Amino acid sequence: MRLYTGGNILLAYGAKNVDLIIIVVVSESNRIMTDIEFLKYPIGKFKLPTHPTDETLKEAIETIQTLPNLLEEAVIALDDSKLDTPYRPGGWTVRQVVHHLADSHMNAYIRFKLALTEENPQIKPYNEAAWASLPDSQLQILPSLEIVKCTHFKWTFLLENMSAKDFDRTYYHPENNNSPTLSEVTHLYSWHGIHHLAHIQHLALRNNWLTQ
């Protein structure tokens, strides 16, 4: 079982047939965090390891590999009323989160391929909130679950066959005005998937869906 820590929760899960468990850790420092901030970032904001290593990169790749199964386990039994519940006040619904993960990680995979075949290419940012409001974000979730599954299958294979020099390659992000390495981006998307999975699981925990 892998244990994730961040912010004021711990995430523990196994790779197969084990529900994600969210354990809320209460401490004085956590009480300072506003409720809305906690709901936005249940595992904390992304922080690149101070000293990224081959081991942290391997763990990030493993997280990307396991996300599709964990996501499916978290949402597959939810009915429409639960899927249309926002994970926080003013936030996306569970349905929108699932569709966002498909959109976001398809973009991420393409960015990797661009960076691997061009010299520091400029990628195309997109308006996540606008995408989440398009009609296809109201579809049933199965198509996006399949997109996540297939994208992550190919993405993981690509990551596992990249060299150290490949992970040093970059792309240019015009909104952020920076050129992250693919190693940094791998760590980012490892966090990104668990970040949104925690949104769903924390909502389920708060609403007692896990016992229904």
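Here is a short chat about a predicted model of a protein chain.

Residues are numbered from 1 along each chain as its sequence is written. In this predicted model, local features need pLDDT of at least 70 and side-chain atom pairs count only at pLDDT 80 or more, while totals for chains, interfaces and linings use all residues; side-chain values use heavy atoms, leaving out hydrogens and water.

Trainee: In what order do the elements of the protein chain run from the N terminus on?

Mentor: Start with the tally: the protein chain has 9 helices and 3 strands. These are DSSP runs numbered from the N terminus, with helices being H or I of at least four residues and strands E of at least two. Read from the N terminus on, the order is β-β-β-α-α-α-α-α-α-α-α-α.

Trainee: How many of the residues of helix α5 are buried?

Mentor: Buried means under 20% relative accessible area, exposed over 50%, and partly exposed in between (1.4 Å probe, protein chains only). Across the 212 residues of the protein chain, 47% count as buried. Helix α5 covers residues 94-117. This helix is mostly covered, and its buried count is 18 of 24.

Trainee: Is Glu 146 buried or partly exposed, and why?

Mentor: You'll find Glu 146 in helix α7, residues 142-160. Its relative accessibility is 41%, so Glu 146 counts as partly exposed.

Trainee: How far apart in space are Glu 146 and Glu 72?

Mentor: Along the sequence, Glu 146 and Glu 72 are 74 residues apart. In space, going C-alpha to C-alpha, the distance between Glu 146 and Glu 72 is 9.4 Å.

Methods
Expected span 1.5 Å × (residues − 1).
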